[in-house]
Amino acid sequence: MSDTKTGLAIETIFSADEISERLQALAAEIASKRPQNLLVVPILKGSFVFAADLLRALYAAGLTPEVDFLTLSSYRKSRISSGQVSILRDLDLDVHHRHVILIDDVLDSGRTLAFAKDLISARGAEKIETCVLLDKRTTRAVSIEPDYCAFTCPDVFVVGYGMDVGHRYRELPFVGRLVD
Ligand code: IMP
Ligand code: MG
């Protein structure tokens, strides 16, 4: 498709149907482990669409987790990450003794998820798992592997399905890449 305002072309990488099908399988996989005392934590902002769909798939798979949100910033201006991660908005809930599943859109350098894992761990969570929509496997700066992953993604900058460039394109129902 071609964006009418900017003239940028967006090439679909993962379609809405592919994502939907994959999320049912991912939710079934998570539910099959019968997690107890589960708290699902979407890392905002980029994961909000993925998390909303995954949570409803988890419900369909028989889970009734609690949900709380963590907003992190990796000081990402445009397409480059600075490497520093900070908390913009913290959780309301206590994670002590809980099984926490962190949800993120993209696992790229790994700094964001590693930071979130360390934070939740320091607060006494009993078990911490990670679930990402996209794993860019070739771009890690820190060593971290996701426990659950919907898709392996090529090392290109992607938008849509919650992900943005300059606060745009989050509304797209698919994951795509900007074609310059
Ligand atoms: P990391 O800390 O380098 O792993 O970066 C992870 C965060 O950077 C993700 O939560 C995304 O919000 C953002 N990010 C990484 N790659 C992309 C991309 O291709 N498009 C949009 N956001 C991205
Ligand atoms: Mg993010």
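1. Below, "buried" stands for under 20% relative accessible area and "exposed" for over 50%, with "partly exposed" in between (1.4 Å probe, protein chains only). Bear in mind that this is a predicted model, in which local features need pLDDT of at least 70 and side-chain atom pairs count only at pLDDT 80 or more, while totals for chains, interfaces and linings use all residues. Residues are numbered from 1 along each chain as its sequence is written, chains are lettered from A and ligands numbered from 1 in the order in which they are written, and side-chain values use heavy atoms, with hydrogens and water left out.

2. On to the ligand. Ligand 1 has 14 residues around it, and Asp105, Ser109, Thr112, Lys136 and Val158 are the closest (a residue counts if one of its heavy atoms lies within 4 Å).

3. Helices (H or I, at least four residues) and strands (E, at least two) are DSSP runs, numbered from the N terminus.

4. Lys136 uses a side-chain N or O atom, 2.7 Å from a ligand oxygen. Asp108 comes in through a backbone N or O atom at 2.9 Å, and Arg111 through a backbone N or O atom at 3.5 Å. On its own, ligand 1 exposes 490 Å², of which the protein buries 93% (Shrake-Rupley, 1.4 Å probe; for residues, only the protein chains shown count as cover).

5. Arg111 itself sits in H3. Its relative accessibility is 29%, so Arg111 counts as partly exposed.

6. Asp135 deserves a look. This residue belongs to strand E7 (residues 127–135). Is Asp135 buried or exposed? Its relative accessible area is 1%, so Asp135 is buried. Its side chain makes a polar contact of 2.9 Å with the side chain of Arg140. Beyond neighbours within four places in sequence, Asp135 has contacts (heavy atoms within 4.5 Å) that include Leu107, Glu145, Pro146, Cys149 and Phe151.

7. Helix H2 (residues 48–60) has 13 residues and spans 19 Å from first to last C-alpha, close to the expected 18 Å (1.5 Å times one less than the number of residues). Val49, Phe50, Ala51, Leu54, Leu55, Ala57 and Leu58 are its buried residues, and these pack against helix H1 (16–32), strand E2 (38–44), strand E3 (66–67), E6 and E7. After H2 comes Gly62, with a positive phi near 100°.

8. Some backbone geometry to check. The Leu44 to Lys45 peptide bond is cis, omega being near 10°; Lys45 lies in the loop between E2 and H2. His167, not a glycine, has a positive phi near 70°, and Tyr169, also not a glycine, has one of about 75°. His167 lies in the loop between strand E9 (158–159) and strand E10 (175–179), and Tyr169 in the loop between E9 and E10. At 60% relative accessibility, His167 is exposed, whereas Tyr169, at 5%, is buried.

Definitions and conventions
A polar contact is a pair of N or O atoms within 3.5 Å; within protein, one must be able to donate a hydrogen and the other to accept it, and residues adjacent in sequence count only if both atoms are side-chain atoms.
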